[in-house]
Amino acid sequence: MQELILSIVKPIVDHPDNVHVRVNEDDKRIVYHLAVHEKDIGKVIGKHGRVAKAIRTVVYAAAGSKQHKKVYMEIDE
């Protein structure tokens, strides 16, 4: 799943080397934390959050079918 997030986000940003994904997992949920360069936050979020929502939709669809846990994706600064 981390590779999927990276493959979606890296082409969007100006600093692809600064894109990192870390995972926190417990019994009921999986949280993917996406970290990007501070100048790329706006590109990842998009106008009115549209890009972030689209990324989350793809991640939730891909992970939800395989996992029996709630899946979340957060964008960190």
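First, the ground rules. The model is predicted, so local features need pLDDT of at least 70 and side-chain atom pairs count only at pLDDT 80 or more, while totals for chains, interfaces and linings use all residues. Residues are numbered from 1 along each chain as its sequence is written, and side-chain values use heavy atoms, with hydrogens and water left out.

Overall layout. The chain has 3 helices and 3 strands. Here helices (H or I, at least four residues) and strands (E, at least two) are DSSP runs, numbered from the N terminus. Their order from that end is α-β-β-α-α-β.

Dimensions next. Along the principal axes, the C-alpha atoms fill a box of roughly 35 × 20 × 20 Å. Of the 77 residues, 27% count as buried. Buried means under 20% relative accessible area, exposed over 50%, partly exposed in between, with a 1.4 Å probe and protein chains only.

Contacts along the chain. A contact means heavy atoms within 4.5 Å. Take contacts between residues at least 6 apart in sequence: 54% join residues at least 24 apart.

Now the sheet. It is open, with 3 strands in the order β1-β2-β3 and mixed pairing. β1 and β3 are the edge strands, each pairing on one side only. The twist averages 20 degrees from one strand to the next. Two strands pair if DSSP finds at least two bridges between them. β1 and β2 are antiparallel, over 6 bridges. V21, for one, has L34 in β2 as its bridge partner. Helix α1 lies across β1, β2 and β3, at about 150 degrees to β1. Axes are lines fitted to C-alpha atoms, for helices over the stretch in contact, and angles run from 0 to 180 degrees between N-to-C directions.

On to the core. In soluble globular proteins, nonpolar side chains tend to be buried together. The largest nonpolar core here has 18 residues. Such a core is a set of buried Ala, Val, Leu, Ile, Met, Phe, Trp, Tyr and Cys residues joined through side-chain atoms within 4.5 Å. I5, V9, Y32, L34, V44 and M73 have the most contacts inside the core. At least two residues each come from α1 (2–9), β2 (29–35), α2 (41–45), α3 (50–64) and β3 (70–76). α3 gives the most, with 4 residues. Beyond four places in sequence, V9 touches V19, L34, V36, V44 and I55.

N24 sits in strand β1 (residues 20–25). Is N24 buried, exposed or partly exposed? Partly exposed, because its relative accessibility is 38%. H33 lies in β2. H33 counts as buried, because its relative accessible area is 10%. A polar contact of 3.2 Å joins the side chains of N24 and H33. By that I mean a pair of N or O atoms within 3.5 Å; within protein, one must be able to donate a hydrogen and the other to accept it, and residues adjacent in sequence count only if both atoms are side-chain atoms.
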